[in-house]
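Please look over the model below before reading on. The notes that follow take up one topic at a time.

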Amino acid sequence: MTLQFMPLSKFARPVRWGILVILSALSGTLLTAIHLPAALLLGAIIAGILVETCQAEIQMPQIPFYISQGIIGCMVANALTKEIVHSFIHQWPVFLAIVLIIILSCCTLGWTMSKLGILPGTTAIWGLLPGAASAMMLMSDSFGADSRLVAFMQYLRVVLVAAIASLVAHFWVHASGSSTPIVWFPVIHWLPFLETLAIIIGGSAIGVISKFPAGMLLIPLMAGSVLQLNGLVEIELPRWLLAGGYLCIGWQIGLRFTQKVLLNAAKVLPQIIASILAVILFCGCLGYALTKILGIDPLTAYLATSPGGVDAVAIIAASANVNVGFVMTLQLSRALIIMFVGPVLSKFLANKLKPKER
């Protein structure tokens, strides 16, 4: 069974990209008009999903995507202050505990779903871990999981987290009455701007060459943070440059939802959505606990504990009235720990299930 409407693959590639850009502009404008945070990101995701379900058969070029991650890295670096760094140093046990609880809860839910046969093989274990998506997909095939479903679960989680977090931030910000006009083309201070471009391009290139996990995001972030905190550079990111980064990241997410992937996931879609919503709800409860432990505002706590992806949450946090530095400190802590611990823990649980599936 295949969908038969609007086979965009019949059109020339520039036409298909033109349709994607137009749809992104329309959806982004609509979401901006209703003051939804990260409107450009969500608009690009929606447009990407629409064109791929219509068989556009296009992919996000790697170089613009790498540079976009560097842009988001510098955006986060710009929000990290000495106060936030000192706060993390003094409260790292709380951060570590929250991260480990998120990882263990996701693995436990995945193991339970696999044990009950809700999803085939060990798919749920690999699909529910919030982060390290590439590693999860590569390793899942060897442990009786459907790698296509794992990929679908990983990217659907990113979409649902982005959508729900944007809605929560929208109603929170709207209720607080905060509204700041957007200046798309501000006056550029050329020295800081060129320094920022050097960090973005150089850091992204090092991330690609070194093959460090998520290095295209993390290396510009770390370099920008160190240089700015020591007064060596001043990060300047005009709104139009950020918008380009938002669009590229949104397209990268949306274009993953090909017709083949959606059809493969259709039979178990309710179970997948329910499991992802359960993870989001649990992380929201952890956010509430964080407000009581650290006394931070609820929206900051909610975004800080949202189960990824890091780049999408960073964009949403930057669009809302929250402590971006705190949000990203916890998000990055989770991402880094998951990169090293997540695959090992998932492999351990998958091995526990494997003998009983034969």
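Which residues does Ile296 touch, not counting residues up to four places away in sequence?

1. The loop residue Ile296. Ile296 touches Leu290, Thr291, Ala301 and Phe326, where contact means heavy atoms within 4.5 Å. Ile296 sits in the loop between helix H12 (269–294) and helix H13 (298–305). Its C-alpha atom is separated by 9.7 Å from that of Val322, a residue 26 places away along the chain.

2. Basis of the values. This is a predicted model, in which local features need pLDDT of at least 70 and side-chain atom pairs count only at pLDDT 80 or more, while totals for chains, interfaces and linings use all residues. Residues are numbered from 1 along each chain as its sequence is written, and side-chain values use heavy atoms, with hydrogens and water left out.

3. The chain as a whole. The chain has 15 helices and zero strands; both are DSSP runs numbered from the N terminus, helices being H or I with at least four residues and strands E with at least two. Of its 358 residues, 50% count as buried. Buried means under 20% relative accessible area, exposed means over 50%, and partly exposed lies in between (1.4 Å probe, protein chains only). The accessible surface of the chain is about 16500 Å², and carbon and sulfur atoms hold 71% of it; such areas come from the Shrake-Rupley method with a 1.4 Å probe, and for residues only the protein chains shown count as cover. Among contacts in the chain with a separation of 6 or more, 78% join residues 24 or more positions apart.

4. The largest nonpolar core. A nonpolar core is a set of buried Ala, Val, Leu, Ile, Met, Phe, Trp, Tyr and Cys residues joined through side-chain atoms within 4.5 Å. The largest one here has 113 residues, and the members touching the most others are Ile72, Leu237, Ile272 and Leu303. Helix H15 (residues 324–357) gives the most to this core, namely 14 residues.

5. Two isoleucines, Ile272 and Ile276. Apart from neighbours within four places in sequence, Ile272 is in contact with Leu119, Leu149, Phe152, Met153, Leu156 and Ala265. Ile276 lies in helix H12 and is buried, at 2% relative accessibility. With the neighbours within four places again left aside, Ile276 is in contact with Leu128, Met153, Leu156, Arg157 and Leu160. Ile276 and Leu160 are 116 residues apart in sequence, yet 8.1 Å apart in space, C-alpha to C-alpha.

6. Helices H2 and H10. How do the axes of helix H2 (residues 39–53) and helix H10 (residues 239–254) cross, and at roughly what angle? They come within 7 Å and cross at roughly 35°; axes are lines fitted to C-alpha atoms, for helices over the stretch in contact, and angles run from 0 to 180 degrees between N-to-C directions. On the H2 side, the residues making the contact include Leu40, Ala44 and Gly48, and on the H10 side they include Ala243, Leu247 and Trp251.

7. Ser68. Ser68 is found in helix H3 (residues 62–79). Ser68 is buried, with a relative accessible area of 2%. Leaving out neighbours within four places in sequence, Ser68 is in contact with Gly244, Gly245, Cys248 and Ile249.

8. Gln55 is partly exposed, at 21% relative accessible area. Gln55 and Gln259 are 204 residues apart in sequence, with 6.8 Å between their C-alpha atoms. Most residues other than glycine have a negative phi. Gln55, not a glycine, has a positive phi of about 60°, and Glu57, also not a glycine, has a positive phi of about 55°.

9. Cysteines. The structure holds zero disulfides, a disulfide being a pair of cysteine sulfur atoms within 2.5 Å. Cys283 is in no disulfide, and the nearest cysteine sulfur, that of Cys106, is 5.5 Å away. Cys283 is buried, with a relative accessible area of 1%. Cys54 also counts as buried, at 9% relative accessibility.
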